[in-house]
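Here is a friendly walk through one model, from its ring pairs to its nonpolar cores. Have the viewer open as you read.

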Amino acid sequence: MNIVVYPGTFDPITNGHFDLIERAARIFDKVVVAVAASPGKKPTLDLDTRVDLARDVTGELGNVEVIGFSSLLTELLDQQGARIILRGLRAVSDFEYELQLANMNRAQAPHVESLFLTPAVENSYISATIVREIARLGGDVSRLVHPRVADALRAHYASDQRPGQ
């Protein structure tokens, strides 16, 4: 079975992420969307929420599995029986960082390959950071994320606006 792992914080999962997942699902037998705990990044949404949202968004794709993880990525690939990491590149500026990660992963696990996909043009400007900032400021993110994600962000930031917080 040809398995690819698409790791990320997915804080939150965006239409750009879904675009890559959907395209990978046409290429690979199985796509594992690996939602990283990433406590060092201090995610806005907790891990369980991010996993649930990713499952909601990808639910109609029969060969996609969503899991949370907090281990080394190369360990996760071994656990999943995968040898390929999927990463997205929106701009040239992403490439330098992604190349460094790919080389580090290859140094740790020489059998692992990294595959880079670019998002569709209409998703090329979307980043989770920008989505979070728009949502935090009360803006409309409905064209950038799945409706369930937009609702979750609205609820999250509405709870942050309660008096005394």
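## Rings, cores and one arginine

Two aromatic pairs are counted in this structure, which is a predicted model. In one of them, the rings of Tyr-6 and Phe-10 have their planes at 85°, over the 60 degrees needed, so the pair is edge-to-face, with centres 5.2 Å apart. Both Tyr-6 and Phe-10 are buried.

The largest nonpolar core has 34 residues, and the members that touch the most others are Ile-13, Val-31, Val-33, Val-64, Val-141 and Leu-153.

The largest share, five residues, comes from H6. Leaving aside residues up to four places away in sequence, Leu-153 touches Pro-12, Leu-45, Val-131, Ala-135 and Val-141. Another core lies apart from the largest one; it has 14 residues, among them Val-5, Ala-36, Phe-69 and Leu-76.

Finally, is Arg-55 buried or partly exposed? Its relative accessible area is 43%, so Arg-55 counts as partly exposed. This residue lies in helix H2, which covers residues 47-58. Beyond residues up to four places away in sequence, Arg-55 touches Val-66 and Ile-67. From Arg-55 to Gln-108 the separation is 53 residues in sequence and 29 Å in space, C-alpha to C-alpha.

Methods:
Residues numbered from 1 in each chain as written. Predicted model: local features only at pLDDT ≥ 70, side-chain atom pairs only at ≥ 80, totals over all residues. Heavy atoms only, no water. Helix = DSSP H or I, 4+ residues; strand = E, 2+ residues; numbered from the N terminus. Buried < 20%, exposed > 50% of the residue type's maximum accessible area, 1.4 Å probe, protein only. Contact = heavy atoms within 4.5 Å. Phe/Tyr/Trp six-rings, centres within 6.5 Å; stacked < 30°, edge-to-face > 60°. Core = buried A, V, L, I, M, F, W, Y, C linked by side-chain atoms within 4.5 Å.
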